[in-house]
Amino acid sequence: MTAIKHALQRDIFTPNDERLLSIVNVCKAGKKKRNCFLCATVTTERPVQVNVVKVKKSDKGDFYKRQTAWALRDLAVVDAKDAVKENPEFDLHFDKVYKWVASSTVEKNTFISCIWKLNQRYLRKKIDFTNVSSQLLEESVPSGENQSVAGGDEETVDEYQELNAREEQDIEIMMEGCEYAISNAEAFAEKLSRELQVLDGANIQSIMASEKQVNILMKLLDEALKEVDQIELKLSSYEEMLQSVKEQMDQISESNHLIHLSNTNNVKLLSEIEFLVNHMDLAKGHIKALQEGDLTSSRGIEACTNAADALLQCMNVALRPGHDMLHAVKQQQQRFSDLREQFARRLASHLNSVFVQQGHDQSSTLAQHSVELTLPNHHPFHRDLLRYAKLMEWLKNTDYGKYEGLTKNYMDYLSRLYEREIKDFFEVAKIKMTGTTREGKKFATLPRKESAVKQETESLHGSSGKLTGSTSSLNKLSVQSSGNRRSQSSSLLDMGNMSASDLDVADRTKFDKIFEQVLSELEPLCLAEQDFISKFFKLQQHQSISGTTNEAEEMDGGTLSRSYSSGVPQTISSEKDMIRQMMTKIFRCIEPELNNLIALGDKIDSFNSLYMLVKMSHHVWTAQNVDPASFLSTTLGNVLVTVKRNFDKCISNQMKQMDEVKISKKSKVGILPFVAEFEEFAALAESIFKNAERRGDLDKAYIKLIRAVFVSVEKVANESQKTPRDVVMMENFHHIFATLSRLKISCLEAEKKEAKQKYTDHLQSYVIYSLGQPLEKLNHFFEGVEARVAQGIREEEVSYQLAFNKQELRKVIKEYPGKEVKKGLDNLYKKVDKHLCEEENLLQVVWHSMQDEFIRQYKHFEGLIARCYPGSGITMEFTIQDILDYCSSIAQSH
């Protein structure tokens with residue numbers, strides 16, 4: 001520890017003009033042990049500053065660095081934890097409490113003792129030492145090392161004091177007067193003693209002289225006291241004389257106060273009377289308007305509105321304390337209440353009559369919309385009613401019961417009116433979709449036999465086996481040859497030269513236009529009604545709300561009243577809920593009618609779900625941009641869920657039909673129906689979903705369908721008996737690859753590559769399998785040659801083998817003249833032609849691949865002859881050019 005102390009003094013404190021008095025090795029209590037040193041230091045310059053310094057060993061080397069310093073004057077408490085038992089822990093209370101654990105109790109006690117002595121010596125403020133042994137808190141300094149801490153040289157420095165200038169001057173004068181003091185100290189001391197006695201005598205004489213002065217001063221004080229007593233007597237007499245004046249002045253002041261109080265009361269009374277007259281007096285014109293005002297004309301409505309506002313102001317005036325006790329005020333309030341009640345009844349009755357009258361006028365125009373796919377315009381009705389919007393607001397603020405009754409009556413009547421209009425509107429839409437007349441059977445309303453429905457749908461779409469859900473019957477169809485399919489398709493032509501596929505496209509386009517028109521008519525109708533409700537009933541519809549309610553909940557009087565507390569609307573949230581509930585009540589038939597229309601469209605053709613998904617998604621997106629929580633957005637969102645389910649059902653049905661497909665055992669397969677139908681579906685979907693919001697749903701459906709197509713193609717290929725498996729796989733995957741390449745569907749890039757790979761693999765497999773070994777004996781001969789070479793015989797020595805000599809080779813070659821080779825290739829071409837279908841037109845591709853494979857075998861044989869029979873002059877009886885000519889002539893002849 002001594003070495004560390006000297007090192008710290010040398011490296012840290014000496015450069016800062018400080019002296020290290022005590023040191024203790026500590027670490028923080030309750031944390032990972034990281035030792036440091038607490039040092040007690042004093043400055044060498046005056047005035048002396050005492051500090052407690054925290055010194056820490058550097059992480060980058062063996063030297064120490066000064067980390068934190070606290071002034072000793074900031075130390076409030078030193079807590080040693082235990083004054084009896086040895087305990088290395090102690091706390092120092094500076095700006096906060098620092099808890100330390102010393103390396104030993106001795107170091108801790110030495111450090112605390114040093115702090116106590118420095119406090120006693122240098123600080124006026126005493127530090128509080130708690131739980132410290134009394135032996136450590138002593139003035140005396142123990143011997144040894146501790147003596148050097150608080151005593152030693154430091155005490156010597158503290159006891160020495162320099163002489164000031166005056167003291168130096170006095171000593172010089174005294175030394176000049178006693179020059180012999182240096183040589184004769186006794187004489188000098190004697191002289192000083194005599195002078196001290198003279199000085200004492202002078203002091204005694206001065207004290208005695210001052211006693212006389214004190215006596216004189218006391219006499220003067222006595223005289224001053226007498227004068228004060230005389231002055232007090234005069235003041236008392238003056239006060240008695242002024243007492244009567246004070247009483248008179250008090251009476252005058254009290255009289256002035258009463259006069260001022262009377263004037264103040266008069267002013268206040270006048271102010272109160274003026275307040276009541278100005279704020280609680282309703283003009284006669286307003287009273288007449290409230291009692292007899294015309295509620296049918298615009299001028300009368302304006303007069304009634306102004307009168308109602310004036311009445312509301314009079315009733316809502318903030319009366320001052322005590323006004324409600326006045327009899328006149330009570331009478332006026334009762335009069336206002338009667339006027340309000342009378343006008344509220346008259347207004348409610350009139351508005352109910354307006355609702356009924358406007359509804360009758362609206363019903364009279366309903367007939368002209370019955371044959372057209374349009375909804376009646378309610379704008380004139382809304383325009384006429386909006387004249388009463390301010391009066392409705394007044395009624396809402398003054399008589400909420402009647403306001404609530406009007407709201408309920410409006411909903412009840414309008415819901416019936418809209419129900420008639422919307423049901424007729426959807427009836428027209430269904431008639432236009434099915435092509436029936438109003439006098440005939442209504443497709444969606446009257447029960448029909450299953451056979452009749454089937455007959456009608458077949459007449460609309462034909463029976464071409466397309467994946468439309470309602471008309472497809474792949475589970476009953478067998479795969480037919482291309483010639484049979486062409487003849488079957490030609491038999492389905494109807495309505496002039498229009499094909500069944502053209503009929504499907506026309507019907508679907510017609511359905512799409514009708515469905516779009518239905519949504520386009522409903523959307524402005526709902527938005528206009530919601531805007532009218534907000535304006536007429538004075539409800540907030542565009543502010544953010546704090547909570548949500550179930551939009552599909554039926555609204556009745558109880559529900560409406562529960563949206564408010566104490567009969568008055570409290571929050572924007574409740575008004576927002578009220579708008580949604582009113583819209584739900586008024587247009588409660590929209591969602592069921594839309595679902596019925598969607599079900600009809602899906603029943604006519606399940607591919608209609610694609611059109612409906614795109615259109616409904618777009619309208620939902622548009623409605624959510626306007627107001628995500630509106631009735632229109634919520635209703636269309638609910639219907640969109642149904643449309644999405646129908647779309648998923650359509651995809652599932654197509655996959656199911658693929659799984660149930662059966663193939664004919666007597667005819668070749670060709671392009672499978674569901675492969676062609678997937679092409680039709682993808683082309684149709686791409687045209688429908690171009691730039692659509694729900695493109696992701698189509699991409700997911702694509703993945704499911706294409707995987708089902710792959711699996712079904714594999715299944716049919718494995719079950720095929722008439723057509724080789726490789727041909728089924730090759731042709732259908734070629735068709736799939738061509739379809740995906742043409743449509744460029746980004747989500748099916750991986751499937752397109754897979755289809756191409758499958759097509760290539762099965763093409764190569766079919767070529768190798770069908771071509772086989774056209775020069776069978778020659779092939780067996782060279783297989784023996786290769787076997788001998790594999791056994792270790794050198795290639796040039798194979799000709800010496802008896803079974804594989806040159807003569808044997810010539811015999812085998814003579815068996816395959818060019819004529820025989822051409823005949824074999826011609827038979828092979830006919831065989832391939834029987835396997836392949838005409839739709840895919842792969843015959844020439846397969847034939848070219850077989851030609852390449854045959855040439856490859858020919859070159860292989862020539863290479864073996866050149867290596868194993870060198871210089872023999874043996875060659876095949878036909879050349880590669882002959883093979884090319886044979887293949888070309890065979891292809892041209894067929």
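## Helix α19

Helix α19 covers residues 608-626, and at 1.5 Å a residue its 19 residues should span 27 Å. The end C-alpha atoms are 27 Å apart, which agrees. The expected span is 1.5 Å times one less than the number of residues. Helices here are DSSP runs of H or I with at least four residues, strands are runs of E with at least two, and both are numbered from the N terminus.

Several residues of α19 are buried, among them N608, L610, M612, M616, H619, V620 and A623. Buried means under 20% relative accessible area, with a 1.4 Å probe and protein chains only.

## The model as a whole

This is a predicted model, where local features need pLDDT of at least 70, side-chain atom pairs count only at pLDDT 80 or more, and totals for chains, interfaces and linings use all residues. Residues are numbered from 1 along each chain as its sequence is written, and side-chain values use heavy atoms, leaving out hydrogens and water.

The protein has 29 helices and eight strands. Of its 894 residues, 41% count as buried. Take the contacts (heavy atoms within 4.5 Å) between residues at least 6 apart in sequence: 71% of them join residues at least 24 apart.

## Helices α22 and α23

Helix α22 (residues 695-719) packs against helix α23 (residues 725-743) at an angle of about 160°, with the axes 8 Å apart. That makes the two roughly antiparallel, a term for angles over 145 degrees. Axes are lines fitted to C-alpha atoms, for helices over the stretch in contact, and angles run from 0 to 180 degrees between N-to-C directions.

From α22, the contact includes I706, V709, F710 and V713. From α23, it includes V728, M729, F733 and I736. The contact residues divide into nine nonpolar, two polar and two charged. Nonpolar covers Ala, Val, Leu, Ile, Met, Phe, Trp, Tyr, Cys and Pro; charged covers Asp, Glu, Lys and Arg; the others, Gly among them, are polar.

## E731 in α23

E731 lies in helix α23. Its relative accessibility is 1%, so E731 counts as buried. Beyond its neighbours within four places in sequence, E731 touches G670, I671, H835, L836, C837, E840 and L842.

## Helices α25 and α28

Helix α25 (residues 776-791) and helix α28 (residues 843-868) cross at roughly 45°, and their axes come within 11 Å. The contact draws on L778, N779, F782, V785 and E786 of α25. Helix α28 supplies H860, F861, L864, I865 and C868. By class, seven are nonpolar, two polar and one charged.

Key
Parallel < 35°, antiparallel > 145°, perpendicular 65-115°, else oblique. Buried < 20%, exposed > 50% of the residue type's maximum accessible area, 1.4 Å probe, protein only.
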